[in-house]
Amino acid sequence: MLGELVRGELLRTHNFIAGRWLPAQAGALLDVVDPATLATIAQVADSTAVDAQAAADAAHAAFPAWRDQSGRERAQLLKRWHALILEHREDLARIISAEQGKPLAEARGEVLYGASYVEWFAEEATRTHGDIIPEPVRGRKMMAVKEPVGVVAAITPWNFPLAMIARKIAPALAAGCTVVAKPAEDTPLTAAALVELAHRAGFPAGTINLVCASREHTPEVVDAWLADPRVRKITFTGSTPVGKHLARESAGTLKKLSLELGGNAPFIVFEDADLDAAVEGLMVSKFRNGGQTCVCPNRVFVHDTVHDRFVEKLATRVGALHVGPASDERSQIGPMINQRAVDKIERHVVDAVAHGARVVTGGRRLSASDAGSAGHYYAPTVLAGANMAMVLAQEETFGPVVPVFRFSTEDEVVGLANDTPFGLAAYFYTQDAKRIWRVADQLETGIVGINEGALAAEAAPFGGVKESGYGREGSRDGLDDYMHVKYLCQGGLR
Ligand code: SIN
């Protein structure tokens, strides 16, 4: 069925190892399900440790030659890959929508978003400058150069099946690393299509390797890389418990880590905010990908004096969102990724109501007749009267639910905003210039949106603090995460 939508040769279902598409050695298969229809749209390799090992062997073998290419040579291949991604934008978007569920317009946007990282790191590949260090002792020359860390294992999530793998693989390749990658079990087809385009762009065999695995087999695939001393870095986007597991288990070989983990983003509307702009900012940040992003606001704090007006405006906008499958071009909110995701959203809403929340709009699962297909749908929801005792104040809901909390002072709301182990993104709306800098300084997050809801950009550093992880993706910092510094000192010059 998917084959009718996209040019068939982009639909790859095997692993990609040492420049070849290969089935899983044990022959197992993993169903890929369209979350809008619950139909199986493809079967991909369900790999085990032997496949992971073969991928690491290939990446290790390819590393010396790739490392020794110049930055300019690596940049040329990345630019070719970028051009191919843009050329296949529509097909890639259809694959994303089919396996992930997001509306087509958003999927097209994701292709551009992911491609922007490939282009950015193609440009950065030629700028891996080090330092000339003034020597403290005469007769020496001292310098610091940057080198690729080696083989990188990239473990990527389902919510942006193209953009997240692109923004890990592109800087790794630009730095001179080789890659073994494992896409999320729900969304392997987009990753495979992206790797097919990289193959066509001409990356040497072994520089990029892709291994797909089910939820059941993922631990043995990842464990094989964790235990392998040749794998020098793990880059992961996903949940905080899994990030902590990776940090613990990679300690044995002291791998470098980039962990982009869960968030619990506050969105603060002060009494002097432009309320219309705040509502629009919230719509953009909260409902992108149906609320399934790590940076989307999870707790909305609104000042007492503007609370009721804000909730009314917000509910009007949220109640008008069109929910449905990507095949319906009117859809603004697609299905959630799977049954577990809808169950979690429902659990959060039921708990919030039990703790005194009022459902202003939404607050229920949607049936096939509501949404137009038999997928995992939940109605876009606004809850008033939220408080910190609710589960949704502590955990990421990862769905289209906006809980609104009241506050009355700046100190109180900054305290509430920071009252979480997480620290990925925060947003606030105010027109007071002094408050802007005061609040921005106090928020304990890696990313802050000030009168802005759409923050992501390839030129900006993306990443968190506290239990949202460490490392940065995008920006010039994103390349450093794949390199180490080597100090060279030549003596005897006098
Ligand atoms: C994420 O949800 O992890 C990524 C979101 C983004 O890149 O903006």
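**Helix packing and sheet architecture in the predicted model**

Helices α15 and α16 are roughly parallel to each other, a class that takes in angles under 35 degrees, with over 145 counted as roughly antiparallel, 65 to 115 as roughly perpendicular and the rest as oblique. The model is predicted, so that local features need pLDDT of at least 70 and side-chain atom pairs count only at pLDDT 80 or more, while totals for chains, interfaces and linings use all residues. Residues are numbered from 1 along each chain as its sequence is written, and side-chain values use heavy atoms, with hydrogens and water left out.

Helix α15 spans residues 410-418 and helix α16 residues 433-442; they pack at an angle of about 30°, and their axes are 10 Å apart. Axes are lines fitted to C-alpha atoms, for helices over the stretch in contact, and angles run from 0 to 180 degrees between N-to-C directions. Helices (H or I, at least four residues) and strands (E, at least two) are DSSP runs, numbered from the N terminus. On the α15 side, Glu410, Val414 and Asn418 meet Arg435, Arg438, Val439 and Gln442 of α16, where contact means heavy atoms within 4.5 Å.

An open sheet of seven strands has the order β14-β17-β18-β13-β12-β20-β21, with mixed pairing. Two strands pair if DSSP finds at least two bridges between them. From one strand to the next, the twist averages 25°.

Within this sheet, β17 (residues 381-384) and β18 (residues 401-407) run parallel and are joined by three bridges; threonine 381 has valine 401 in β18 as its bridge partner. The pairing of β20 with β21 is also parallel, over four bridges, and alanine 426 is bridged to valine 448 in β21. Helix α10 (residues 275-287) lies across β12 (265-269), β13 (297-303), β18 and β20 (425-429), and runs at about 165° to β12.

Strands β3 (residues 29-33) and β4 (residues 40-45) pair in the antiparallel sense over five bridges, with leucine 30 opposite valine 44 in β4. Their hairpin has six residues between the strands, and leucine 38 takes a positive phi near 65° there.
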